[in-house]
Amino acid sequence: MNPGNQSIVLATVLAAGVALAAGLVAGTGLARVRGADGYVRVKGVAEREVRADVAIWPIHVVAADNDLNAAHARLERNVAGVRQFLSAQGLDTMQISLQGFSVSDAWANEYPSQRAPAFRFVVRETVVLRSADPDKVLKASQRVGDLASIGVSLSSGGENGPTGGPTFIFSGLNALKPQMIADATARAREAADQFARDSHSSLGAIRQANQGVFEILPRDEAPGIAEGSQVAKRVRVVSTIDYFLKN
């Protein structure tokens, strides 16, 4: 083989090797060569499945009457009914706060509708439960319809249903960070080592490192399902590290 043809074959083999290494996945690490710059960029992924440890549940209560005092008294009975319901579900009602009290007077409406309202006064208030037992809160939220059987009226509170639904929070992220960063870094190193072996080179020092952003995601991802509505979650971090390559 003449020298010119030999050079073409060698260049083709090297290009194929670089293309293969560019898509290399080792464990959960991804490597990408940076060609003539003499370094490889790798990504390491670490994930943990966790469960929420705090639940916040706003329950929007409403009452209406033509007499303001009667409407307010009915609202107070509804709030008491919510407390009774939550207590029956084994939840600590001492963790309840009341927020967002408001009164609407149909007669004071600057732009009245053509149809006369059924009641002049509408009174609203939000019962907010904070609990360290998300599983109990989830179970109770699935029985929220029982409030109707004791005469409690609820107003629309958001996109998750008539009460707005509970929000489930994982507050233990800081305790997970050190080990997850170590795991992501190890996955990145595995990818870099594999790339170096396949390219017949060795790894040098770290050129640059980016820890990445921690994400809390729903365990079961599906359209329309928010992370905050799920007790089970996934914590994910992607670390990006550049290693120098040595021949």
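Which helix holds both Asp193 and Arg189, and how many residues apart do they lie? Both lie in helix 5, four residues apart, about one turn of the helix. Helices (H or I, at least four residues) and strands (E, at least two) are DSSP runs, numbered from the N terminus. Asp193 forms a salt bridge with Arg189, with 3.4 Å between the closest N and O atoms. A salt bridge is a side-chain nitrogen of Lys or Arg within 4 Å of a carboxyl oxygen of Asp or Glu.

The model is predicted: local features need pLDDT of at least 70, side-chain atom pairs count only at pLDDT 80 or more, and totals for chains, interfaces and linings use all residues. Residues are numbered from 1 along each chain as its sequence is written, and side-chain values use heavy atoms, with hydrogens and water left out.

The protein chain has five helices and ten strands. Of its 247 residues, 35% are buried. Here buried means under 20% relative accessible area, exposed over 50%, and partly exposed in between (1.4 Å probe, protein chains only). The accessible surface of the chain comes to about 14,400 Å². Carbon and sulfur atoms account for 53% of that surface. Areas were computed by the Shrake-Rupley method with a 1.4 Å probe; for residues, only the protein chains shown count as cover. Contact means heavy atoms within 4.5 Å. Among contacts between residues at least 6 apart in sequence, 73% join residues at least 24 apart.

Four strands form an open sheet in the order 5-6-4-7, with antiparallel pairing. Two strands pair if DSSP finds at least two bridges between them. Strand 5 (96–105) and strand 7 (167–169) stand at the edges, each with a single partner strand, so one side of each has no neighbour in the sheet. Neighbouring strands are turned by 15 degrees against each other on average, direction ignored. Axes are lines fitted to C-alpha atoms, for helices over the stretch in contact, and angles run from 0 to 180 degrees between N-to-C directions.

Eleven bridges join strand 4 to strand 6. In this pairing, Trp57 stands opposite Leu129 in strand 6. Strand 5 and strand 6 pair over eight bridges. There, Gln99 stands opposite Thr126 in strand 6. Three bridges join strand 4 (residues 54–65) to strand 7. Val54 stands opposite Ile169 in strand 7.

Two helices meet this sheet. Helix 2 (residues 68–88) packs on the sheet and touches strand 4, strand 5 and strand 6 (121–131). The direction of helix 2 makes about 150 degrees with that of strand 4. Helix 3 (residues 134–141) lies across strand 4, strand 6 and strand 7, running at about 35 degrees to strand 4. Eight of the eleven residues of strand 6 are buried, so strand 6 is largely enclosed by the rest of the structure.

The largest nonpolar core has 25 residues. Such a core is a set of buried Ala, Val, Leu, Ile, Met, Phe, Trp, Tyr and Cys residues joined through side-chain atoms within 4.5 Å. Those with the most contacts inside the largest core include Trp57, Ile59, Val82 and Val127. Strand 4, helix 2, strand 6 and helix 3 each supply at least two residues of this core. Helix 2 gives the most, with six residues. Not counting residues up to four places away in sequence, Val127 touches Trp57, Pro58, Ile59, Val61, Val79, Val82, Ile96, Ser97 and Leu98. A second, separate core of ten residues includes Val40, Ala191, Ala192 and Leu203.

A search of the whole structure finds 16 salt bridges. Asp183 pairs with Arg48 in one of them, the closest N and O atoms being 2.4 Å apart. This pair links distant parts of the chain, 135 residues apart. Asp183 lies in helix 5 (residues 173–198) and Arg48 in strand 3 (residues 39–51). Asp183 is buried, at 18% relative accessible area. Arg48 is partly exposed, at 27%.

The side chains of Asp133 and Lys136 also meet in a salt bridge (4.0 Å, N to O). Asp133 is partly exposed, with a relative accessible area of 28%, and Lys136 is partly exposed at 37%. Finally, Glu47, Glu221, Arg234 and Arg236 are linked in a network of salt bridges.
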